[in-house]
Amino acid sequence: MSSITASGTPAGTAARRVPAPYWNPYLAGFGLGLVLLAAYLLAGRGLGATGAFSSVAAWIANLISPEHAQASAVHARYLESGSPATAWLVWLLIGSFIGAAVSGFLAGRTSLTIERGPRITDNQRLVLALAGGIIAGLGAKIARGCTSGQALTGAAVLNAGSLVFMGAVFVAGYAVAWLFARKEWL
Amino acid sequence: MFPLSSTMELTQAASLGLALVIGLGFGFFLEKAGFGSTRKLAAVFYFYDMAVVKVMFTAIVTTMVGIFLLSSAGALDLAELYIEPSNYPAAIIGGIVFGVGFIVGGYCPGTSLTAAATGRIDGWVFIAGIFIASYAYAELLSGFDTWLASSANPDVTLPSLTGIPMGWFVLLFIGFLALAGWGMSLAEKKFAGLRP
């Protein structure tokens with residue numbers, strides 16, 4: 001296992017081929033926009049990443065104890081729409097994983113690494129990634145959506161709540177980045 | 001005519017297949033844009049590489065223009081699109097908590113998946129965190145969730161809120177994208193020294 005260091009390339013992997021550059025952001029954004037447009041036109045709904053996790057969580061809770069799962073309004077909401085195997089968001093997520101894996105592999109960007117800022121250790125990075133995942137997951141549950149399901153999907157149809165969400169994300173992100181997280185990333 | 005889902009009956013298999021194909025495109029472009037790299041995502045908060053925001057804004061404007069043109073031409077029925085009910089307290093509280101998690105963890109849910117798909121172990125760990133949060137939220141905060149949901153307003157969009165037609169907002173967003181693109185290229189130069 002290697003770490004991605006300040007130069008942005010995996011350390012100690014001189015033999016590895018150089019990864020292809022990322023696409024021009026406006027071109028990639030245009031492509032992403034067309035995918036979101038296709039979702040709206042074909043399925044009548046946007047994209048989402050967080051709902052699939054709740055669907056699987058509800059399914060597991062139901063396996064352990066159906067009575068207990070039904071007692072939670074949140075689990076019950078996801079159980080109503082059936083098992084994760086027939087959930088739209090789960091299939092969307094599976095597709096996203098495959099799409100990203102194929103793109104990354106073809107571009108030479110796939111490697112088993114821990115990516116982090118230059119001034120923290122791998123273990124610190126993993127603890128922060130877990131903590132961040134829990135905090136962001138909680139935020140996405142409260143807001144009923146994340147950067148995909150609220151910010152991107154909602155902003156494209158001028159959804160007022162989604163635009164408020166996006167503003168709150170940026171304000172909190174910039175505040176924490178400059179007040180507390182400089183050592184983590186710079 | 002559109003959305004297709006309201007004009008023709010899709011079988012469950014067709015609907016899930018559609019989700020898979022749309023997902024393929026979603027993941028592909030996220031990865032191509034660099035969203036699988038936690039340092040590229042975090043860079044946005046320090047201004048030295050704004051690519052992630054450029055991608056996001058361009059995608060929003062692209063979809064918005066497409067939806068506006070097709071609905072103006074009568075090919076898309078806006079009323080048939082699913083729009084998440086607006087809930088301002090939830091958006092603000094959730095957005096703040098989410099923003100903290102984003103910069104601490106270096107990902108959001110969709111991008112952690114992109115990172116995991118290209119072998120980033122920190123991406124897998126972030127995903128584990130989302131899963132823990134999803135489970136814990138349903139177990140411990142379902143009362144809070146019910147209370148939050150009670151203040152949601154269905155289908156509140158800027159045009160319905162202000163009475164100003166969608167076309168003006170589309171123009172505003174195009175102008176904003178152009179201005180922000182120029183501003184971001186200046187910021188990238190000014191903060192280039194921060195790049196680790």
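Let's start with chain A. Read along the sequence, its pattern is β-α-α-α-α-α-β-α-α-α-α. That makes 9 helices and 2 strands in chain A. Keep in mind that this is a predicted model.

Now the dimensions. The C-alpha trace of chain A spans about 55 × 35 × 35 Å along its principal axes. Chain A has 186 residues, and 56% of them are buried. What about contacts? Take those in chain A with a separation of 6 or more. Residues 24 or more positions apart account for 57% of them.

Next, the core. Which residues touch the most other members of the largest nonpolar core? There are four: A:Leu36, A:Leu152, B:Ala33 and B:Ile60. The core holds 115 residues. Look at the letters in those names: this core has members from chain A and from chain B. And which element gives the most to this core? H4 of chain B does, with 11 residues.

Let's zoom in on A:Leu152.

Now some backbone geometry. Most residues other than glycine have a negative phi, and most peptide bonds are trans. Here are some exceptions.

One is A:Arg144. Its phi is near 60°, a positive value, and the residue is not glycine. Is A:Arg144 buried or exposed? A:Arg144 is buried, because 25 other C-beta atoms lie within 10 Å, and the cut-off for buried is 20 or more.

Another is B:Phe47. Its phi is near 70°, again positive and again not in a glycine. Where is B:Phe47? Find the loop between helix H3 (38-43) and helix H4 (51-72) of chain B. B:Phe47 has 19 other C-beta atoms within 10 Å, so it counts as partly exposed.

The last one is a peptide bond. B:Phe2 and B:Pro3 are joined by a cis peptide bond, with omega about 0°. B:Pro3 lies in the segment before helix H1 (4-7) of chain B.

That's my tour. Thanks, everyone.

Notes. Residues are numbered from 1 along each chain as its sequence is written. Chains are lettered from A and ligands numbered from 1 in the order in which they are written. This is a predicted model: local features need pLDDT of at least 70, side-chain atom pairs count only at pLDDT 80 or more; totals for chains, interfaces and linings use all residues. Helices (H or I, at least four residues) and strands (E, at least two) are DSSP runs, numbered from the N terminus. A residue is buried if 20 or more other C-beta atoms lie within 10 Å of its own, exposed if 12 or fewer, and partly exposed in between; C-beta atoms are placed from the backbone. Two residues are in contact if their C-beta atoms, placed from the backbone, lie within 7 Å. A nonpolar core is a set of buried Ala, Val, Leu, Ile, Met, Phe, Trp, Tyr and Cys residues joined through C-beta atoms within 7 Å.
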